[in-house]
Amino acid sequence: MIAHIKKAPCPLGAVLFVALLIPRASAQTDCAEGNGVLDMAPLKNTTAQELIQKIGAEEAKVKEARAHYTYTQDLMVQTLNGNAVDGQFHEVTSISYDEKGKRLENVTFAEQSTLRGIVLSAEDMDDVRRFMPWILTPDELPLYNLTYAGQQHVDDLDTYVFHVEPKKEEKDKRYFQGRIWVDNHDLQIVKLCGKSVPEIIRKKKNQPVDVRPTFVGYRQPVDGLWFPAYVRVDDTLHFHVEAIHVREILKLTGYKRVGAAASAKP
């Protein structure tokens, strides 16, 4: 999210240039909610690498199957002054895929943004499309280091837990960084918590600063597979001139199968 000095509503995707804003993000998003005690005992009867490859194969099934569905994307972003909401952006979009697997978006509701102190950037919307509902397919595996952290009970599920970091960051490319929880039976991600990287830090006076908030996301079963369903952000983004409390809710609902389609694209 890009910060700006003026306390006035700004259009989605606008880029306002600011000077002397040196950000640091203080995460409040609760990654531990619903988690039991982490069992860090070594894996039995398999290796972490074997498990990672199986997870990639199962995640590929999720991505391919999701291209056969339409669903509703409901995004709410709010800025807060204390406990009171002082600005809001709300957009509802109908998502579908064409016969080649290209993502199609039809905005069915959008209100005028009244967000205070921040502007939603192109990277924010990329987070909504790609990283908040992140799917770890085999073609993505070579880009990341996955470190097995243990096993953990999450709500009613038993999961494998992995730390995820990009192996390297290439210019003009973005990645997920954080932790994933994988159902130990279906071997699909059921929870993730982290952020997209890299953050865009101003190097020159007239360049924008874009701070990435931490998010926690959950999936739900749809026709036997785990589909992205709900994402929450609750962060205080600290800038040199002010701290801005941001709350964000993303709901992905109403999955409806519509027929065969090619593999989905973000």
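1. Asp 172 sits out in the open: with a relative accessible area of 73% it counts as exposed. The cut-offs are over 50% for exposed, under 20% for buried and partly exposed in between, taken with a 1.4 Å probe on protein chains only. Asp 172 belongs to the loop between β8 (157–166) and β9, and its phi is positive, about 65 degrees, although the residue is not a glycine.

2. A word on what you're looking at. This is a predicted model, in which local features need pLDDT of at least 70 and side-chain atom pairs count only at pLDDT 80 or more, while totals for chains, interfaces and linings use all residues. Residues are numbered from 1 along each chain as its sequence is written, and side-chain values use heavy atoms, with hydrogens and water left out.

3. Asn 45 is another non-glycine residue with a positive phi, near 65 degrees. You'll find Asn 45 in the loop between β2 and α1, and at 86% relative accessible area Asn 45 is exposed.

4. Now the overall picture. The protein chain has two helices and 13 strands; these are DSSP runs numbered from the N terminus, with helices being H or I of at least four residues and strands being E of at least two. Of the 266 residues in the chain, 48% are buried. The chain exposes about 13,100 Å², and carbon and sulfur atoms supply 51% of that (Shrake-Rupley areas with a 1.4 Å probe; for residues, only the protein chains shown count as cover). As for contacts (heavy atoms within 4.5 Å), take those with a separation of 6 or more: residues 24 or more positions apart account for 63% of them.

5. Which cysteines does the disulfide join? The structure holds one disulfide, and it joins Cys 31 to Cys 193, S to S 1.9 Å (the cut-off is a pair of cysteine sulfur atoms within 2.5 Å). The pair links distant parts of the chain, 162 residues apart: Cys 31 is in the loop between β2 (24–27) and α1 (48–66), and Cys 193 is in strand β10. The torsion about the S-S bond of Cys 31 and Cys 193 is about -55 degrees, so the disulfide is left-handed. Cys 31 is partly exposed at 27% relative accessible area, whereas Cys 193 is buried at 3%.

6. Have a look at Arg 212 too. Is Arg 212 buried or exposed? Arg 212 is buried, with a relative accessible area of 1%, and its place is the loop between β10 (189–197) and β11 (215–222). Its side chain makes a polar contact with the side chain of Asp 127 at 2.7 Å, and a polar contact of 3.3 Å joins the side chains of Arg 212 and Ser 196. The rule here is a pair of N or O atoms within 3.5 Å; within protein, one must be able to donate a hydrogen and the other to accept it, and residues adjacent in sequence count only if both atoms are side-chain atoms.

7. That loop between β10 and β11 also holds Pro 198. A cis peptide bond joins Val 197 and Pro 198, with omega about 0 degrees.

8. On to the rings. There are ten aromatic pairs, where rings of Phe, Tyr and Trp (its six-membered ring) pair if their centres lie within 6.5 Å; planes under 30 degrees apart are stacked, over 60 edge-to-face and the rest tilted. Phe 227 and Tyr 255 form an edge-to-face pair, 5.0 Å centre to centre with 70 degrees between the planes. This pair links distant parts of the chain, 28 residues apart, with Phe 227 in strand β12 (residues 225–238) and Tyr 255 in strand β13 (residues 243–257). Phe 227 is buried at 0% relative accessible area, and Tyr 255 counts as buried at 14%.

9. One aromatic cluster is made up of Trp 134, Tyr 144, Tyr 175, Phe 176 and Phe 215. Separately, Lys 191 lies over the face of Trp 181, 4.7 Å from the ring centre (a charge sits over a ring if NZ of Lys or CZ of Arg is within 6 Å of the ring centre and within 35 degrees of the ring normal).

10. Last, Val 182, in strand β9 (residues 175–183). Val 182 is buried, with a relative accessible area of 0%. Leaving aside neighbours within four places in sequence, its contacts include Ile 55, Tyr 160 and Leu 187. Asp 158 is among the contacts of Val 182 as well; the two are 24 residues apart in sequence and 8.2 Å apart in space, C-alpha to C-alpha.
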